[in-house]
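This report describes selected strands, their pairing and their surroundings. The sequence and structure are shown first.

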Amino acid sequence: MSSDPLVIHAPNVHQGGGNTLLVALLRALAADATGHLILDRRFQAPKPVPSGMMVSSFASSLAGRWRAEACLSRVVESASRVICFGSLPPMRRCRGHVAVFVQNQNVIARTDISEYPRKQRLRIAFERLWFRQFSKNADQFIVQTATMCDLLRRALGPDGDIRIAPLVPEALLESHPARHAESRNAAKIHDFCYVSTGEPHKNHRRLIEAWILLAQQRRFPSLCLTVSPVAFPRLHRWITGAKQRHGLNLDNVGYVPARRIDEIYASSRAVIYPALYESFGLPLLEARRHGLKLVAAERDYVRDIVEPDVSFDPTSARSIARAVERFYHGVNIHPPLVDGQGFIRRLLAA
């Protein structure tokens, strides 16, 4: 049997990259693991869970979170190893060794959240306060990249124990030449895909503005998005309106379950990734796993884990459009330079 009980505290993880990584962690548990899983009620844990691991699930509410924190204090033993998986330290000082896996950059850095809905802004403000107030209850912090380490160091000061451990699903560590061949040989419906939820930092609006600029030049590369009309109705309506007004070659398929994401990659020639910031961009690794080319933001979080084929300034729609031109069309879209005589000739010819 395992000598130290393991407690995984994840009452605020149920979707996105956090969900993917938590599933990967639970699948890696040894069959004889002992301890406790404290989970969000909406989270679907992979089966089977080791028989020695107790499972407690809580509602996504302040009352549910309070009960989850009380459960954590109750089940932790002096020999326990605790992993807080949702970027937030525990409210109470626990026995045992407590490590916090920090995945949410919004919690530790002063990122711009002005474009988020009011409810999300309030939640992020609350989580920032929580982190500052209770960070002393953690013995160690774990991040996935050097960029996140730098940000967390600024938040904690020089004395915090920070480790870098780039957790990824096992499949992304494996080499899959057959899968690469499958992606190369599949019917390529889309020139580009962007598999992402619709939070403002994912930068969909700037991406669509780039597609509008391309359409104005009579260029219509195809793009596949995964923005849910239920989770992000305002952004979904805006994308649909832009597509109709400008005749964009765009297919927004909405929410895609994890089991079908591979189909999108297989049907695409390249991945475009304009996010302003990420704690860890799993789709960047997924693109490489499928042997796809990558057109990505010129940001540290990108180069922490991959080297893009073409990069761009994610704050500039024109920079994104030019990156697409360089990558896909292979043409120089800059107007040719002219001297004084050439300028006059153009002026007279107008």
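## Strand pairing and burial

Val 7 stands opposite Val 82 in β4. The model discussed here is a predicted one. Strand β4 (residues 81-84) runs parallel to β1, and four bridges join the two.

On strand β2 (residues 35-40), β1 also has a parallel partner, joined to it by five bridges. Here Ile 38 of β2 is the bridge partner of His 9. Between β1 and β2 the chain passes through helix α1 (residues 16-27), forming a right-handed β-α-β crossover.

Strand β1 (residues 6-10) is largely enclosed by the rest of the structure, because five of its five residues are buried. In a regular strand, side chains alternate between the two faces of the sheet. Both faces of β1 are covered: Leu 6, Ile 8 and Ala 10 are buried on one side, and Val 7 and His 9 are buried on the other.

| Strand pair | Bridges |
|---|---|
| β1 and β2 | five bridges |
| β1 and β4 | four bridges |
| β8 and β11 | three bridges |

Within the pairing of β8 (residues 190-194) with β11 (residues 268-273), Phe 192 has Ala 270 of β11 as its bridge partner.

Definitions and conventions
Residues numbered from 1 in each chain as written. Predicted model: local features only at pLDDT ≥ 70, side-chain atom pairs only at ≥ 80, totals over all residues. Heavy atoms only, no water. Buried < 20%, exposed > 50% of the residue type's maximum accessible area, 1.4 Å probe, protein only. Pairing = 2+ DSSP bridges. Right-handed = clockwise from strand over helix to strand, strands pointing away.
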